[in-house]
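Subject: Structure for you to look at

Hello,

Please find the structure below, with the notes I made on it. Open it beside this text and follow along.

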Amino acid sequence: MPTSTFDPAHVLSRTARLLRGVAAAAAVPVLVVACSSNDKTDAASATDTVTISDQWVKAADSGMSAAFGDLTNTSDTPRTVVSATSPASDRIELHEVVTDANGTKTMRPKQGGFVIPAHGQKRMRPGGDHIMFMDLHGPLRTGSATSVTLTFDDGSTTTFTAQVRDFSGNQENYVPDHGSGAPHAGAQTPSHGG
Ligand SMILES: [Cu+2]
């Protein structure tokens with residue numbers, strides 16, 4: 001009758017192999033974690049990857065004004081400016097300018113905000129997209145400066161300072177302000193007899 005022999009050495013080596021197996025299995029998720037935390041450098045907030053240059057604000061005594069400049073995105077991910085604030089105005093909108101069949105330029109809130117392409121630029125210029133100050137607290141005098149804070153789609157923000165400059169061109173109409181009945185075409189826009 002064969003007796004089953006209890007061999008402590010054998011059991012130990014089996015246990016050691018099992019433990020090595022567990023350790024090998026555990027090593028896989030550790031590597032995955034290491035990779036994903038590495039990838040996080042690509043997902044840096046817009047604050048770190050979007051810069052502005054040539055920024056300025058149009059001088060105005062009261063009412064409306066606008067801020068302009070070039071936004072540059074150095075990341076692999078498109079970024080979107082979704083809103084803006086400034087101590088100069090409680091009500092700020094992101095505007096675009098559209099031209100109707102008569103050549104009349106009109107500005108209106110830009111749906112979806114300002115997209116800055118990956119490794120690209122978003123230009124904000126008179127006659128094009130701009131940061132609209134709807135209701136100034138007080139005069140914006142030439143030579144002074146005001147700060148503007150942009151909020152991005154990832155919730156991060158960036159604040160820049162813009163010099164106030166004289167600028168008299170591109171006096172576009174504003175869509176919601178259609179009650180006045182007085183067409184107000186830009187200086188270079190041909191009259192359409194309205
Ligand atoms: Cu505007």
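Two strands are said to pair if DSSP finds at least two bridges between them. Helices (H or I, at least four residues) and strands (E, at least two) are themselves DSSP runs, numbered from the N terminus. By that rule β3 and β6 pair in the antiparallel sense, over three bridges. The partner of V81 in β6 is F114.

Two notes on how to read the rest. This is a predicted model, in which local features need pLDDT of at least 70, side-chain atom pairs count only at pLDDT 80 or more, and totals for chains, interfaces and linings use all residues. Residues are numbered from 1 along each chain as its sequence is written.

Confidence

The predictor's confidence in each residue is the pLDDT, which runs from 0 to 100. Its mean over the protein chain is 78, and 65% of the residues reach 70 or more. Residues 26-42 stay under 50. For contacts, the rule is that the C-beta atoms of two residues, placed from the backbone, lie within 7 Å. Residues 26-42 have one contact beyond four places in sequence. Over residues 177-194 the pLDDT is also below 50, but this stretch has 16 contacts in the model beyond near neighbours in sequence.

Overall layout

The protein chain has two helices and 11 strands. Along the sequence, the order is α-α-β-β-β-β-β-β-β-β-β-β-β. Of the contacts between residues at least 6 apart in sequence, 65% join residues at least 24 apart.

A residue counts as buried if 20 or more other C-beta atoms lie within 10 Å of its own, exposed if 12 or fewer, and partly exposed in between, with C-beta atoms placed from the backbone. Buried residues make up 21% of the 194 residues in the chain.

The strands and their partners

β3 also pairs with β9: four bridges join them, and the two run antiparallel. Here S83 stands opposite T151 of β9.

β8 has two partners to look at. With β2 it pairs in the antiparallel sense over three bridges, and S65 has F133 as its bridge partner in β8. With β4 it is joined by four bridges, again antiparallel, and E93 has M132 as its bridge partner in β8. Both faces of β8 are covered: H130 and M132 on one side, and I131 and F133 on the other, are all buried.

β4 is also joined to β5 (residues 105-109) by five bridges, and these strands run antiparallel. One of the bridges sets V98 against T106 of β5. β4 and β5 form a hairpin with five residues between them, and G103 in the turn has a positive phi of about 85 degrees.

The core

In soluble globular proteins, nonpolar side chains tend to be buried together. A nonpolar core here is a set of buried Ala, Val, Leu, Ile, Met, Phe, Trp, Tyr and Cys residues joined through C-beta atoms within 7 Å. The largest one has 25 residues, and those with the most contacts inside it are A66, A67, V81, A84, I131 and V148. Strands that each supply at least two residues of this core include β1 (50-58), β3 (79-85) and β9 (145-152). Which strand gives the most to this core? β2 does, with four residues.

Leaving out residues up to four places away in sequence, V148 touches A67, A84, S86, I131, T159, F160 and A162.

A60 is found in the loop between β1 and β2. Is A60 buried or partly exposed? A60 is partly exposed, because 19 other C-beta atoms lie within 10 Å. A60 and L140 are 80 residues apart in sequence, but 5.2 Å apart in space, C-alpha to C-alpha. Not counting residues up to four places away in sequence, A60 touches S65, L136 and L140.

D54, in strand β1, has a positive phi of about 55 degrees although it is not a glycine. D54 is exposed, because it has 11 other C-beta atoms within 10 Å.

H119 lies in the loop between β6 and β7 (121-124). Its phi is near 50 degrees, a positive value in a residue other than glycine. H119 counts as partly exposed, because it has 13 C-beta neighbours inside 10 Å.

Regards
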